[in-house]
Amino acid sequence: MGGDPVPYADRLKASGVEIFCFGIGRSLRGELESLASSKEHVYNCDGFRDFDRLAKRIREDPHESSWSGQAANPNCDHLCDSPYRGEPFDPGCCDHNARCSCALLSGMHMCVCGPGYYGYSGLAGQCRACPKGTYKSKLEPAKQCTPCPAGSTTTREASTSLKDCFCKEGYEGDPLTGLPCTLKKCPPLQKPTNGFVLGDCEDSEKAFGSECHFLCEEGFELVDKENDIRTCLANGSWSGKNAVCRRIHCTKPPQPSFGRISCDKGDLLVGAKCRLSCLPGFIMEGSQERECLSSQRWSGTDAKCTPIQCELPPQLTYGQVIGCKTSEKPKFLETCVFTCNEGFQLEGPTFLICMENGKLLDPQKKQRKPICKDVRPPVITCPPPLVVSADKGSKGTTVNWKIPEPADNSGLRPKIFTYPEFIFPPVYLELGKTNIQYVAVDRAGHKSSCGFQIMVYDDEPPTVVSCPSKIEVTSNDVREAVFWDEPQFEDNSGRPVSIVQTHISGDVFVPGRHTVTYQAIDYNNNKNTCVFDVIMTRNTCPYYPAPTNGALSCSDWLFGQICQTFCNEKYDFVETPAEWYICNENSVWVTMPEHMPIPWPDCSKKAIPGKIRHMMKGFYYHGDCNDPQVQIYIKKVFLHRLSMRFEKAELCISKGACNLQTVTVHCGKVTDYLANNRRRRDVWEHAEKEELELEFEITIDVDQELNDTEAVLQNFLETIQNLKWDMDEDFSMEATTLAPDFQSDSDQWSENLNRSGAVMFTEGETTMECKPGSVLSNGLCVLCSSGTFYEPLAKECWDCPLGHYQQREGQMQCLKCPEGMTTEYTRSRNITECKGICLPGTYSPTGLETCLSCPAGTYQEHEGQKVCNLCPEGTTTASSQSVSILDCRDFCGAGSFSNSRLQPCEACPKGFYQPLIGQTACVECPGNFSTFRRGSTDVSDCSDLDPCAGEYCKNFGICTRLGRNAVCLCAEGFGGHQCEEDIDECIQKPCFNDGTCINTADQLAKRTRLQRYSSNSEDVQRRFNARLKSIKLSPCDPSTALFIVSPTGRDVTWKHREKSENSANNRDIKKFLVFLRSYILPPSSSPSCLNGRQVCRQGQGFRHSCRRHSLSAPVKLSSQP
């Protein structure tokens, strides 16, 4: 090879050959492009590895046929990225069973799998050992190893030469020399006597591994069952021994315990039979006769004689089984006795005996099941009587109570019914007594009842609708007839009230204040009053009553009246009154002198002062007044002399007692002359004209009433005033340098008093202090009048404030009005002036009694108010006397109703409508018509609707229409208003022989019952209508009337009964619908009927449909599949 390849390439391209050029590296790119058909035909490889991959991709082989042998391992390090490169223990890139070799064509070093291993790549993990039966002898890449010749294999994996191959077991030959390996064969076999061989083993040789099966004729068996199969072995001989057949014999079956066995005579060959039986009292379990089979086995099952046991005794609901256990089968002749719980009666056999046939039988040898029948009614206890008051402003109230929980000896909850029908708490009841009866009905139909009474009483007094205010009449006559509008009362009961009154309109009154009282009494003796005053005056000035304990004298003058006040004897004015009170031409009271209080004061009883305070002044000539010992001496002498003078006063001697409370000595000023000439060595040195003041108080206690209070008091005051003269004459002190004996008795005082020196007292001031509860007026004490109280700090009589009164004189405080009452004015004199404060929901011109109810559409949340508030526009109240804006509600819209005519409202039920707003009831559709929905607003919504349309009755119930209502005849096993209740028939355990009762009915059984009911529907229809015609119906008579009672979502089931349940004509009819009557509906009761129309009222029930039924039109019966 040599020369320039370009000319050769050009000739090839000229002849239409497409040339591709491949190179390693980028340096030969230009030369390759000159050879290739175009630049796109040139491909560069980065190295020999990529070139090798490209060659494999194009030619599918490396095109290497020889290798240079093993090269140094580092020559193949470029084939992988080893983390140990350069290390002494570097394992290299080649597999453990590969060598790094140089390809003689490409000159590349590669890892090549060695002899005994195959794989295109010799990299680590890519060389796999030649499997058994193959070998590889060269160092070259290989897809697989060379297989050994047919019929030969190797002893191990990774074989490297043909000489490793040898013939398999059962073959003979030599693979190394080329002698083929062929199968060895066994000679033909003979069939046994009375037998035969399968597998064509009698006529030809059989190769290694072939099998021959030996069988015996019927009634024979192989002597050695291990020789039934013989196999051609590797050495060309047969396994096992020659097969031999012999006759089959069966071993006699064992005799069962408590039993017998009898077999055919002779050998028990195939077909021989044995018969087995048990002793009396035992029952055979297994085969009573067995036959010897060719399998050397006996037909049937092993026989076993066991004591006779019957099926488990039936479980007795509501009873017990005595003598045997319900969990263990009774033995032969064992007796099971049945008893029922208290309240149940046994129906059926009282005992069952386990008989020889393994059945529990009664004494008549019949298989019957005992049942405990319920004979005791349920127990129900009603709540105690309830006494509740009516709602405010209402003639009833919503009453709640606990519904009785009936109990039954069966443990199942009985059904419960009520009278009145469908009355459930909470329910609105009107005033009076309501008797409620509960009836409990158990599953057996037994009934018990209880009742209680609810008393809704009226404790709300009548409401004052109108009451005249104060009536003031001015007249020049002495007597005048006065007229007024009669007060109006309403009672929450709606009944009229009786009126008791003190006056009637048109009575003649004289001048003065007159109280008129109207008292309203309702039927429950609740009372309310209307009280107003009629004030008759002869002028137009405001009326004021004459002074208490006094009189008012008035005379007419040109423009009005002129009056003067007077007090009774022994009484005086608490405050000084005006001389004249004049009603002027402007109808205003004025006083002379001016600006005196209006109205005039009251008169109170005169009283003796509690204390008299007198001040005396004088001079003494000797002694030091500032010395405490001197002051004590002066007090003693003064008290001694003064007490002697009190004994001479008439007030203190005959009327009560006078006590000297305090004496205070006040020393006056000392002149300079006295101060300069007093000798300090003698405190009792005589002093010239030193001033002395004595202040003393006298407490007077009078224990009786004084008729001549003023005269007696004046005498006493004169006595006090004259004390100074007595003191001038009798009271003297003598100067001495010795201190007086202040502890000495009166005799020693006399000795000191006889000494020279004297005290001269000048005229003093006398003041009086009234007792608490009285004030000084005109030199005398006067008690605070009624309607006032004494204020000790101010020492004045103050008016009683609002809400207080005082009936007595001379009191220290006023009395508070009873709770919830106050007065209209201050200075109230009697508790009768306390009036009740108007409660929320009422008002009056003064905010006090007599109070009027806020009319409908108004409310008042607070007490003591003079007006009521209007409800927001578009709302009103359900009644008068509303107390909150929350009572203002919208009217019920059309298609709804409520007891109050206001929200919240209930939609008219189906079959009713209401076109107006604010109604308390809905109107029933005419005839049998009904409405599609609730809340209908017009009679046009009423149409003739089939109540049985759709699947009204559940569980294959048959629907019957009566009027606008639908009634369901339920299939057996179902109950309820719409046959929605699944009745559990398994309660009484009806299954025998260990049967399990499942409370479900398959559709086939349901369809069968349904077909039986409706198979002759026309005949039943005819008989049903004929039955209806034969009944004399009286509208609304519960004994004969057909009516529907529709529960309002309550769990109430009604028993449907006929007059004669035993009549043959009724047997099919009663399967449909006849009379619908409640267990508890008494003969005197019937649903509400008003002129043949139903009345629907709100309140937890009472929905009746009572109407006349036309007997000429047949009743349509419809069923639902």
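# Close-up views of a predicted model

**View 1. A left-handed link between C854 and C868.** The torsion about the S-S bond of C854 and C868 comes out at about -75 degrees, so this disulfide (a pair of cysteine sulfur atoms within 2.5 Å) is left-handed. C854 sits in the loop between β66 (852-853) and β67 (858-859), while C868 sits in the loop between β67 and β68 (869-870), so the pair ties together parts that are 14 residues apart in sequence. From S to S, C854 and C868 are 1.9 Å apart. Both C854 and C868 are buried; buried means under 20% relative accessible area, exposed means over 50%, and partly exposed is in between (1.4 Å probe, protein chains only).

A quick note for every view here: this is a predicted model, where local features need pLDDT of at least 70 and side-chain atom pairs count only at pLDDT 80 or more, while totals for chains, interfaces and linings use all residues. Residues are numbered from 1 along each chain as its sequence is written, and side-chain values use heavy atoms, with hydrogens and water left out.

**View 2. C324 and C336, a right-handed link.** The structure holds 33 disulfides, and one of them joins C324 to C336, with 1.8 Å from S to S. Here the angle about the S-S bond is 140 degrees, which goes with a right-handed link. C324 is in the loop between β26 (319-322) and β27 (335-340), and C336 is in strand β27 itself; the two are 12 residues apart, and the pair links distant parts of the chain. Where do these cysteines stand for burial? C324 has a relative accessible area of 8%, so C324 is buried. C336 is buried too, at 0%.

View 3. Over residues 944-980 the chain is 0% helix and 32% strand, and its end C-alpha atoms are 26 Å apart. C970 and C979 are both buried.

**View 4. C102, a cysteine in no disulfide.** The nearest cysteine sulfur to C102 belongs to C100, and it is 8.7 Å away. With a relative accessible area of 17%, C102 counts as buried.

**View 5. An open sheet of 4 strands.** The strand order is β26-β27-β29-β30, and the pairing is antiparallel; two strands pair if DSSP finds at least two bridges between them. Strands of a sheet pair through backbone hydrogen bonds. Strands β26 and β30 (360-361) stand at the edges with a single partner strand each, so one side of each has no neighbour in the sheet. Strand β29 (residues 351-354) is joined to β30 by 2 bridges. Find I353, which stands opposite L361 in β30.

View 6. Most peptide bonds are trans. P420 lies in the loop between β34 (415-419) and β35 (427-430). P426 is placed in the loop between β34 and β35.

**View 7. Positive phi at F258 and K365.** Most residues other than glycine have a negative phi. F258 has phi near 60 degrees, and F258 lies in the loop between β20 (245-247) and β21 (259-263). At 48% relative accessibility, F258 is partly exposed. K365 also has phi near 60 degrees. K365 lies in the loop between β30 and β31 and is exposed, at 53%.

**View 8. P385 and M455.** How far apart are P385 and M455 in space, C-alpha to C-alpha? They are 7.7 Å apart, although 70 residues separate them in sequence. P385 lies in the loop between β31 (371-374) and β32 (386-389), and its relative accessible area of 62% makes P385 exposed.
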